[in-house]
Amino acid sequence: MSHRPSSGLAAVSTALLAMSRHLEVRDVLKTIVASARELLDAEYAALGVPDDHGGFAQFVVDGVSDEQWRAIGPLPRQHGILASMLHKAEPERLADVREDPRFEGWPDAHPEMSDFLGLPIQDGEETIGTLFLANKRCPRPAGGCGFTEEDEELLTILAQHAAIALTNARLYERSRELTIAEERSRLAHELHDAVSQKLFSLRLTAQAATALVDRDPVRAKRELQQVAALAAEAADELRAAVVELRPAALDEDGLVHTLRTQIQVLDRAHTARVTFDSSGVRALPAAQEEAMLRVAQEALHNALRHAEPEKVAVSLVRHGQGALLTVTDDGQGFDPRTVRRAGRHLGLVSMRDRASGVGGSLTVTSEPGRGTTIEMEVPGG
């Protein structure tokens, strides 16, 4: 192996520090894979997290381009060497994976691989993932070279700490899910109270209009106009709640797809035209994607509920290593200074907190009669 023991231990230390910086499962998986590939100087690395149905719940790769990964196709099933490692939970070090009797081939777009090192990631007796590395990058004299026993020892150390990092990330996400469940319960109560009050007022107003139709048609007309306004307010409350309560699906779909889907729903639900445009955005750390989604939802809610716009435009573009989110409406606008003095924040404090909490920034530009623009920038990872 090209690493001396001291440099190997230093590399392991660097990898462990990198893993400890992340709390979200997806970020931890990516860091484990990238750290393993760099640590052992491999051309390719992957990490599979098994599901309960013979497949992989998650499969993260490093060393394969996004275009190549899309061309490869669906996530692999648990078969061949992958299945063997999951069931036996033992390391596998092969000079040429293609010559192993368990090898069953790979899709046409899959890169060519030869030497192979695989190691289970275990939490006690449970295998919670499996690391795969292929194509050791080193001179290949006659007889070749590949992963060594020392490589396997270093990867074993990494896998042990990866298990801790992955378990901690899962506990963190479970804690966050419980917090989100509590928040949804609170929102459901608020929705019930708000809509119940609107419907109660609507019923009373409709009854008053019915009583006035014959003796005071003009006043009855005004009451019916109020009925229409109350019904519209109740519908707005329901629309806002649907967006807030529906699962974001960020882990499965990513920020761009999730935003596009939610904006299509809003465009159909409101008279205002709501559009979305995206360009060159890479995957961001999970916390940054969640913060951007929540800020976009808050900004859209404010625009559609308070600004009476004809058009709301949302864009998400790459900005350096990070991304820039812009939500612009052509509605009534407001004076931010007046809003602050009146103690009405329109969610601006919450949005700024979300942005700063992930190392980003938020800018609000608005003027009465000239619409509003909200920009959120995050640094990426």
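Q: Contact means heavy atoms within 4.5 Å; against which elements do the buried residues of helix 10 pack?
A: The model is predicted: local features need pLDDT of at least 70 and side-chain atom pairs count only at pLDDT 80 or more, whereas totals for chains, interfaces and linings use all residues. Numbering runs from 1 along each chain as its sequence is written, and side-chain values use heavy atoms, leaving out hydrogens and water. Helices (H or I, at least four residues) and strands (E, at least two) are DSSP runs numbered from the N terminus. The buried residues of helix 10 pack against helix 8 (286-307), strand 9 (361-366) and strand 10 (372-378).

Q: Within what arc do the buried residues of helix 10 fall?
A: Leu 348, Met 351 and Ala 355 of helix 10 (residues 348-357) are buried, that is, under 20% relative accessible area with a 1.4 Å probe and protein chains only (exposed is over 50%, partly exposed in between). Seen down the axis, by the directions to the C-beta atoms, these residues line one face of the helix, because they fall within an arc of 65 degrees.

Q: Which strands form the edges of the five-stranded sheet?
A: The sheet is open, with 5 antiparallel strands in the order 2-1-5-4-3; two strands pair if DSSP finds at least two bridges between them. The strands that pair on one side only are strand 2 (56-62) and strand 3 (92-94).

Q: What angle does helix 2 make with strand 1?
A: Helix 2 (residues 25-40) packs on the sheet, touching strand 1 (42-50), strand 2, strand 4 and strand 5 (126-136). Axes are lines fitted to C-alpha atoms, for helices over the stretch in contact, and angles run from 0 to 180 degrees between N-to-C directions. The direction of helix 2 makes with that of strand 1 an angle of about 145 degrees.

Q: How many of the residues of helix 2 are buried?
A: Asp 41, with a positive phi near 55 degrees, follows helix 2. Helix 2 is mostly covered, and of its 16 residues the number buried is 13.

Terms used. Contact means heavy atoms within 4.5 Å.
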